[in-house]
Each structure stands twice: as structure tokens, then as C-alpha cells.
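I set out to record what I looked up in this structure, chain by chain, and then at one helix pair.

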Amino acid sequence: MPETTAKKSQENNPQGKLDPPVNYIVSGLERSGTSMMMQMLANGGLPVAFDDGRKPDEHNPKGYYELDGGKIITRLMQNSFRFEDYKGRFIKITAFGLLYLPPGSYKIIYMQRNLDEVLDSMETMAQITDTQREETKQSFQKLNEKVLKDLQKRNDVKVLLLNYNEILQDPATLIAMLCRFLAPNRCDAQKMTTVIDKHLYRQRR
Amino acid sequence: MTMPEKTENEPSTTISIPMTLAKKIEKRIKGTPFSSPSAYVTYVLGEVLSDVEDETKESFSKEDEERVKARLRSLGYMD
């Protein structure tokens, strides 16, 4: 979608950008806690960019924090996404989109979650019952592995892996890791913690 | 290149290689972090085996990609 027709974009940041040459990304499979992470960053005083293309709903009551209503993947595949417009602040690009990440300078928070929980949540959201669940699971497992392996080979990417289930169990430790990875003087760990809502952990294994 | 991992504490065995190859390795490692031809061979073989293991692992195929895309479409992440 061309920038001129994009939905109204939003910027939460009253304090200025992070390291300006760097693109900051929250990623991971869909339904692995990427929206929660964006909410945590925003609440913790870190700059995040998103638009109102997809409204909060019962699957994500606190919002999706996405660009192009989540369809940024299409623009990445077409190489038409303007990363330069989002330097120094976080955007959300789910895992498949990272296969099309152009050369640049990136810091990526990659969310991981029990894969059966991810698939359960996807099926609930899409209102489907997957009759080929095991095949689907293997495909998403392989996608996760490929994305992380590809990132590992690049010298323009720094990645922090965070586990959704572990964040819920031990938020203080995981948020401390997150702040060390980013900008400790800009992180409000206490405010980040308040975003974590265990009531929204609905697909448990 | 990353430094080779220390293996001094691991049990070792002897593997024979042609003398000409050993001489080439000796020349090759001069001025590098490798302390001996054995350290170099251990590092290189480790890298080769790691690559081979990666290749034999089932990779993300076209079929996997189509399955993922179909799911992303159902979730509203792709048209």
C-alpha cells in the first residue's frame, strides 16, 4: 500500500527516537506475543510506530500495533516498504516478513511461544479447525528455524530472543534482559510490567 | 572468523592425513589464531560437519511456504 493511502499512523514517543540509524523490529510468529511486546515497549517509554488499520478486537483487546493492518508483509515482498521512514523506532514485522528484510541496520526482538499454543490461538482467531495440524505445525516450526538461521548469518542484525511463556512467569528477569538489549536509560521496566495481563493468556498447553 | 573452540579437555584420537596436506596446513596457519595443524583441522571439520547436518535437516519448502501463506491469509496478514 503506498504511504499516501496508508491508514493514519501513530507515534507514541514523546522522548525522541532510539539510535537513529537503526530500524527496531518486534517479530515472531503471529499469536506469539508480538502485540504484547509492542504494548510493553510503548508503555515503557520506547518509540513505536503503528497505524489504525486493524482495530482492537476480542483476539487482541489491547490492540495489534501493526502497520497496514498487519499486511506489511506484502510490501516487504514487493520491496516497497520504506524502512527509512521508521528508523529509531519499533515496528512490528511478523516472522514471514523477515525473509524479505533488505540490507540495513536492525535490532530485532524475536518472540517465541509454545507452538501448539500459537496454532491453537491462530485457529481460534481464524475460526477454523485445522485438519492437517501436524503438517501446519512442521511448516511453522521450519519457518521459525529458517528465519532465525538467516538472521544469524547476517552482520547487520542483532537479535534478542524472548519467550512469551517465560515473560508471563518471570517478567522482571525478561524485562531486564530486554532493557539491556535496548537502551537501559530509556526503559521503564515497571511500566512495561503493568501491560502483562495473564487473563489474555488464553491458549495454554 | 571466530576463534576455534578449546578442546584440550576433550579426549582426542589420532587421524592420519597425507604429509603434503599437513605441510599445506602448517603454512596456512602461520599468523592465524590456530596453535597447531590439529586445531585447524578440528575447526574446519567441525564447520563442514555442521553445514552437512544443516543441509540434511528438512528445510522450509515451497509446500511449507504455501501452507504458511494460507494461514496468514486466514488471519488477515496477507491478501
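I began with chain B, where 24% of the 79 residues count as buried (under 20% relative accessible area, with exposed over 50% and partly exposed in between; 1.4 Å probe, protein chains only). The model is predicted: local features need pLDDT of at least 70, side-chain atom pairs count only at pLDDT 80 or more, and totals for chains, interfaces and linings use all residues. Residues are numbered from 1 along each chain as its sequence is written, and side-chain values use heavy atoms, without hydrogens and water.

I looked up the secondary structure of chain B and found 3 helices and 0 strands (DSSP runs, H or I of at least four residues for helices, E of at least two for strands). Chain B exposes about 6400 Å², 53% of it from carbon and sulfur atoms (Shrake-Rupley method, 1.4 Å probe).

I then turned to chain A, in which 54% of the 205 residues count as buried. Chain A has 7 helices and 6 strands, in the order β-β-α-β-α-β-β-α-α-β-α-α-α along the sequence. Of the contacts in chain A with a separation of 6 or more, 74% join residues 24 or more positions apart (contact: heavy atoms within 4.5 Å).

Last, I examined helix α3 (residues 115–126) and helix α4 (residues 133–153) of chain A, which pack at about 115° with axes 11 Å apart (axes fitted to C-alpha atoms over the stretch in contact; angles from 0 to 180 degrees between N-to-C directions). Among the contact residues I noted A:Leu119 and A:Met122 of α3(A), and A:Phe140 of α4(A).

Conventions. Chains lettered and ligands numbered in written order.
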